[in-house]
Amino acid sequence: MTEKALRLGTRRSRLAMAQSGQVADAVSQVTGRPVELVEITTYGDTSREHLAQIGGTGVFVTALRDALLRGEVDFAVHSLKDLPTSQPEELVLAAVPVREDPRDVIVARDALKFTDLPRGARIGTGSPRRMAQLNAYARAHGLDIETVPIRGNVDTRIGYVRDGGLDAVVLAAAGLNRIGRGEEVTDFLSVDTVLPAPGQGALAVECPADRAELIAALAELDDPFTRVAVTAERSLLAALEAGCSAPVGALADLPPYAAPFERGNPHADGQIVKEMRLRGVVGTTDGSRMVQLSTTGPVPETHDQATTLGRHLAAEMLAQGAAGLMGERAQ
């Protein structure tokens, strides 16, 4: 007799289905049980408003968490950058699998690179974080660009470029890789140019806190390095009291071997890495004012050590005026 299938709650978007499908396969291998995807529509999927107006990316998470709490699904998969920084007591982050490439990318007309875009180029993004950093880079390097707020799935966003409405759009490398469209990238934005969102490229596997056996099984998917890196990034975001839609970028990586990490290999070609670098940035969306700082310390071994790293950097950023650059503070 086949064991009852585990129910995995997922958003309905193509990207969410793709990444949930990958987790489902991994959970099946670990548990020996079939996993069925349960599609859940979230407010963020149906609203036409810009994310910053409807409460940031947490709007993609609430419906999945409600389904978990009602027992309609056994576990859920989120894009980690969508998770609010406060964790409900009734739910546990059972696994953070190995991170995909955390970088942002450009998909531009005529296969152009970011620095080759023509004067006055219109670049689409729904992210105040991306707008702030692109505009700051343009100011510093004499480029003339216009950032245009957009929403929609990958097809919609790339469609704006294909039909000539925009010169380029900014997307996450991880998302394009997961749906098999990485070849459409025309330029990778170095993390020295644009720091990603806290947790970008990582997934969060969440389940009820009272399911000890399931928690233990899901923990097999956990990557300890990815977990401490994203914990540091998210604790920076939390200490800034900034929501998911605030113009905050953060990345924890491994100097001086960051290039392999950017390609998704935290083990940096076999080097034993003892240091973790955490970088944070916050800025006004027009790029006129930025606070960007970094700190380096031993690779955290515990949740508390990772959290402390993020809090310390946030305190330094606040001391340099970061709070005044974020628009509305998260409530």
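Predicted model: local features only at pLDDT ≥ 70, side-chain atom pairs only at ≥ 80, totals over all residues.
Me: Is Arg129 buried or exposed?
Reply: Arg129 lies in helix α4, which spans residues 128–141. A residue is buried when its relative accessible area is under 20%. Arg129 has 4% relative accessibility, so the residue counts as buried.

Me: Which side chain joins that of Arg129 in a polar contact of 2.8 Å?
Reply: Beyond four places in sequence, the contacts of Arg129 include Val194, Gln200, Gly249 and Asp104. A polar contact needs N or O atoms within 3.5 Å. At 2.8 Å, the side chain that makes such a contact with Arg129 is that of Asp104.

Me: How is the aromatic pair of Phe114 and Tyr137 classed?
Reply: A search of the whole structure finds one aromatic pair. Phe114 and Tyr137 form this pair, with 5.6 Å centre to centre and 45 degrees between the planes. Planes under 30 degrees apart would count as stacked and over 60 as edge-to-face, so the remaining class applies. The pair is tilted.

Me: How many residues apart in sequence are the parts that this pair ties together?
Reply: Both Phe114 and Tyr137 are buried. Phe114 lies in the loop between β5 (104–108) and β6 (121–124), while Tyr137 belongs to helix α4. The pair therefore ties together parts whose separation in sequence is 23 residues.

Me: What is the relative accessible area of Asn135?
Reply: Asn135 also lies in helix α4. Not counting residues up to four places away in sequence, Asn135 touches Ile145, Thr147, Thr285, Asp286 and Gly287. Asn135 is buried, and its relative accessible area is 11%.

Key: Residues numbered from 1 in each chain as written. Heavy atoms only, no water. Helix = DSSP H or I, 4+ residues; strand = E, 2+ residues; numbered from the N terminus. Buried < 20%, exposed > 50% of the residue type's maximum accessible area, 1.4 Å probe, protein only. Polar contact = N/O pair within 3.5 Å; in protein donor to acceptor, adjacent residues only side chain to side chain. Contact = heavy atoms within 4.5 Å. Phe/Tyr/Trp six-rings, centres within 6.5 Å; stacked < 30°, edge-to-face > 60°.
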